[in-house]
Amino acid sequence: VADNAIRTIVIVGGGTAGWMAAAAIAHKLNRRCAIRLIESAEIGIVGVGEATVPHIRSFNNTLGFDEADFMRSTNATFKLGIEFVNWARIGDAYIHPFGELGRRLNGVDFHHYWHKLCELGERDQQDIFDVSLPILAAKQGKFAIPAADNSVLSTFGYAYHFDATLYAPYLRKFAEARGVVRIEGKIVDAALRGDDGFIESVTLENSEKISADLFIDCSGFRGLLIEQALKTGYHDWRHWLPCDRAVAAPCETTEMSVAYTRSTAREAGWQWRIPLQHRVGNGYVYCSEFIRDDEAAATLTANLEGTLQAEPRFLRFVTGLRKKSWNRNCVAMGLAGGFLEPLESTSIYLIQAAITNLLDLFPTRGFDEADIDEFNRVMALEYERVRDFIVLHYHATERDDAPLWNHVRTMAIPDSLQYKMDVFRDHGHVVKYKDGMFLETSWHAVYLGQRIVPRHYDPLVDTLKTDDVRRYVDEVRALVHRGVAAMPSHGSFIARHCGIAAAQAP
Ligand SMILES: Cc1cc2nc3c(=O)[nH]c(=O)nc-3n(C[C@H](O)[C@H](O)[C@H](O)COP(=O)(O)OP(=O)(O)OC[C@H]3O[C@@H](n4cnc5c(N)ncnc54)[C@H](O)[C@@H]3O)c2cc1C
């Protein structure tokens, strides 16, 4: 196998995807392979990915990044979840936490015990969100690193908000120190091999030809190699996720420093609020069929808490997935591979998943078709699960006040999601999968937050006497509230742990 090993890799693109791939692959291959990354300053990067999910911590840990150094370098804050405002009904607000609602008992999820007390008229379904440590901490502006024991202070995870334009340079420094060579230049052509259609080389504007055994396409929405050269094709999912544009603008911070993202549903889409140490990132993701660009920008700028720091920037996208993420000797990652709107901050996670799967199934120059198929199967599964989860937020709404909401409420949804919703509606169970994004606790929060209430609670709840159920629920609630009371404020934690020069006051 050794003389058939991949000797050269070219990564096309120096956005978050390109530099994440360069850093992780260089780290893993340990200079056994020449890695070059081509990027064009003239084209630039998208650079709006600012919110993440907890998996990013394992990516950073694998590369050995020091958390405080990483956070200081990217003006990062902590993230305990996402608040959804006005999604099921105007006036609603719930947090999807990185952690549990209550605590499981005897193998039965907490919401079933809660449900029983709701049936008895003793509790309200929506108040279950008051029995979660990350939710209460987020709402009260608190933060602490999860405890390593089995206490209530261990029942959550966390992610980051960071300045995406600073993460790529951070990764670049790491990758270049491990031998990755950066080439500045614009690719104008890609040559395919005559016999099998593999990519042979790319040509830069200055006529330089660069060849490689393996190409990683991180060129953004244009999919320079995977689509323009290889014509791989795209599954268009706009019939399920019709938003196709965004307008983004940063503003000054005025509110208390909170450790969560906010997503507010608006007439033709939704608006994000992502608090960083030095500013707040904002954007309106919308459907161009239902609102004009200038109206969307006006809605965004009318709903900012502080002074605008830059002119609003418009972005266009088509939600969906490349028919094959890996085609011949080209693997697409990031926006070149597919796009799902940032409602659950999943794009950077999907880049990470592509890198991990590529390293798990790393090819030789023989490019075994079975490995390629397996990569494509796993990536399609990852995208479809995230897609279903995002579609759930739109579809499970009672809103009928605008054309977008009427459309998503009444549209046909993917069979895979219909199945998951049917299972939950019956006895409150979540369709399980072992690996990948969004496990049971996330589905619980979004189903309940979107007001999908199961017809019955789990029958095993009745193995406990009702008094014991009451006692258990009260005990967990008290523990959670005591736990949060003991946590420091998010602002003071950041100032101590990783504050930038102008870090906010506690
Ligand atoms: C509105 C919006 C909000 C988002 N919010 C989030 C979020 O909160 N969380 C999250 O995880 N993700 C988010 N994302 C996604 C996130 O921005 C991307 O996943 C991430 O930035 C990766 O982008 P990329 O590296 O694939 O592409 P890009 O940033 O577009 O980089 C493409 C690279 O390819 C290079 N290139 C292209 N063509 C050529 C050429 N011909 N020659 C040489 N070089 C070339 C460019 O110079 C650039 O370096 C969001 C996306 C959008 C659109």
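A salt bridge is defined here as a side-chain nitrogen of Lys or Arg within 4 Å of a carboxyl oxygen of Asp or Glu. The structure is a predicted model, in which local features need pLDDT of at least 70 and side-chain atom pairs count only at pLDDT 80 or more, while totals for chains, interfaces and linings use all residues. Residues are numbered from 1 along each chain as its sequence is written, and side-chain values use heavy atoms, with hydrogens and water left out.

By the salt-bridge rule, 29 salt bridges were counted. One of them joins Glu184 to Arg182, with the closest N and O atoms 2.8 Å apart. Relative accessible area was classed as buried (under 20%), exposed (over 50%) or partly exposed (in between), using a 1.4 Å probe and protein chains only. Glu184 is partly exposed at 41%, and Arg182 is partly exposed at 25%. Both residues belong to a network of salt bridges that also includes Glu39.

A salt bridge was also found between Lys186 and Glu42, at 3.2 Å from N to O. Lys186 is in the loop between strand E7 (181-184) and strand E8 (187-192), and Glu42 is in the loop between strand E2 (34-39) and helix H2 (55-62), 144 residues apart. Helices (H or I, at least four residues) and strands (E, at least two) are DSSP runs numbered from the N terminus. Lys186 is partly exposed, at 25%, whereas Glu42 is exposed, at 59%.

Glu83 and Arg262 form a salt bridge of 2.9 Å, N to O. Glu83 lies in strand E4 (residues 81-85) and Arg262 in strand E14 (residues 261-266), so this pair ties together parts 179 residues apart in sequence. Both Glu83 and Arg262 are buried.
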